[in-house]
Amino acid sequence: AKTNTRVVEAEYGGQNHPVYLYGTDGIGPAPEVARSTQPQNRTLYKDFASYFEDHPAANPARLFYNPDRLCNGPEPAGGCGDPTYGLTQAFYAADRAVRASGYDLSGRFGEAGEWTMHYAPISLNALLLRMAEDIDALSVMVGKPAPHGAEVLEARRRFLAEFFARESGDSYGDRFVGELPAGRERFVYPYATQLYLLWADVLQDAGDASALVRALQRADDGGFAFLAPAQTAHFGIPTSLIDTGMQWDAPFAWAPVQYFAVDGLMGYAFSSVATTAMAQWVAAIHAFFAKEGILIEKYAFDDPARDPHVRVGYAKTQRGFGWTNAVYLLFANRLYQRY
């Protein structure tokens, strides 16, 4: 039987627990890159090949880039490099996986996203937990037994809370699964998807939830934090505090992240923190709209009136976007509704 690379087993409390990763069945370059309408995106694979050439430590055992053994055909297979760029199928699988995640692109799974299929993302595992809850609820509604049950889901919460917890004990991170290669960190750099754990009600201990919120309120060396106090020049929750030039890192704040974060904060009775986050996001939208008269897909949390260009992604601001419109309306209704 074919092995499902999207599911791996992790031992915890004397039992094996499934951990979910993003994966792909596609072969070779992603069409949206190879045939992109954006010139800077069409050069991505060439740029990534140059990165591996210049940083051999990022390419152990020629796992992602192998110009010394090129494939016979246009599609890479095994450990050979494709004839155009020298990139292997292991790289292309990771590249497709990070695009399937929706968080494309960032540097948390490697400069080229090459380790995407080796890290278990908090967001994916939290989403699947909530989906399991929904499936149970729907089954009961139609008179069938719940496939999982409250006890199994509670055990799942305890496992996820421990599995994603950093050594510091006050924050969480996407975690490498399996034997850790030299030079890689067990946990990726801090990312806003930690707040999905609140949204999915994973942190059953109120002290753990409070510790996470306090950790996300602490500023980094540049003075920025995921959750900033009111009356600061901070407009939304950034995906990360690391500026890689990629659109799913700092300084960019995206509507889906705001939604999950605020919903999670409110569910754990951090209403004042949630209200501040909503007001800051709404202020970002107002600032850009006042200048340009449009809503856009993402905003720069440090300066929302500027055009959020990126090194990797769309060179021009993308107008409209349903998630910006939807989250704006949701937050505005919560902030300004009459009681």
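Student: Where is S171 placed?
Tutor: S171 sits in the loop between α6 (150-163) and β4 (175-176). Helices (H or I, at least four residues) and strands (E, at least two) are DSSP runs, numbered from the N terminus.

Student: What kind of model and numbering is this?
Tutor: It is a predicted model: local features need pLDDT of at least 70, side-chain atom pairs count only at pLDDT 80 or more, and totals for chains, interfaces and linings use all residues. Residues are numbered from 1 along each chain as its sequence is written, and side-chain values use heavy atoms, with hydrogens and water left out.

Student: Back to S171. Buried or exposed?
Tutor: S171 is buried, because its relative accessible area is 12%. Buried means under 20% relative accessible area, exposed over 50%, and partly exposed in between (1.4 Å probe, protein chains only).

Student: And what is S171 in contact with?
Tutor: Leaving aside neighbours within four places in sequence, S171 is in contact with F164, A165, R166, Q194, L212 and A215. Contact means heavy atoms within 4.5 Å.

Student: How does the lining divide into nonpolar, polar and charged?
Tutor: Nine nonpolar, seven polar and four charged. Ala, Val, Leu, Ile, Met, Phe, Trp, Tyr, Cys and Pro count as nonpolar, Asp, Glu, Lys and Arg as charged, and the others, Gly among them, as polar.

Student: D104 came up there. What is the peptide bond from D104 to L105, cis or trans?
Tutor: Cis, with omega near 5°. L105 is in the loop between α4 (89-100) and β3 (119-120).

Student: What about the bond from A250 to P251, cis or trans?
Tutor: Also cis, with omega near 5°. P251 is in the loop between α8 and β5.

Student: Why flag those bonds?
Tutor: Most peptide bonds are trans, and most residues other than glycine have a negative phi.

Student: On phi, then: what is the value for A61?
Tutor: Near 55°, a positive value in a residue other than glycine. R62 has a phi near 55° too, again positive. A61 lies in the loop between α3 (44-54) and α4, and R62 is in that loop as well.

Student: How exposed are A61 and R62?
Tutor: A61 counts as exposed, because its relative accessibility is 79%. R62 counts as partly exposed, at 34%.

Student: Disulfides next. How many does the structure hold?
Tutor: One. It joins C71 to C80, with an S to S distance of 2.0 Å. A disulfide here is a pair of cysteine sulfur atoms within 2.5 Å.

Student: Right-handed or left-handed?
Tutor: Right-handed, with 95° about the S-S bond. C71 counts as buried at 9% relative accessibility, and C80 at 7%.

Student: Helix α10 now. What should its length be?
Tutor: The 22 residues of α10 (residues 271-292) should span 32 Å at 1.5 Å a residue, and the end C-alpha atoms are 32 Å apart, so the two agree. The expected span is 1.5 Å times one less than the number of residues.

Student: What do the buried residues of α10 pack against?
Tutor: α8 (206-217), β5 (252-254), α9 (255-267), β6 (298-300) and α11 (322-336). Those buried residues include W281, V282 and F288.

Student: What follows α10?
Tutor: G293, with a positive phi near 75°.

Student: And α9: how do its numbers compare?
Tutor: Its 13 residues should span 18 Å, and the end C-alpha atoms are 18 Å apart, which agrees. The buried residues of α9 pack against α5 (122-141), α7 (196-199), α8, β5, α10 and α11. A269 follows α9, with a positive phi near 70°.
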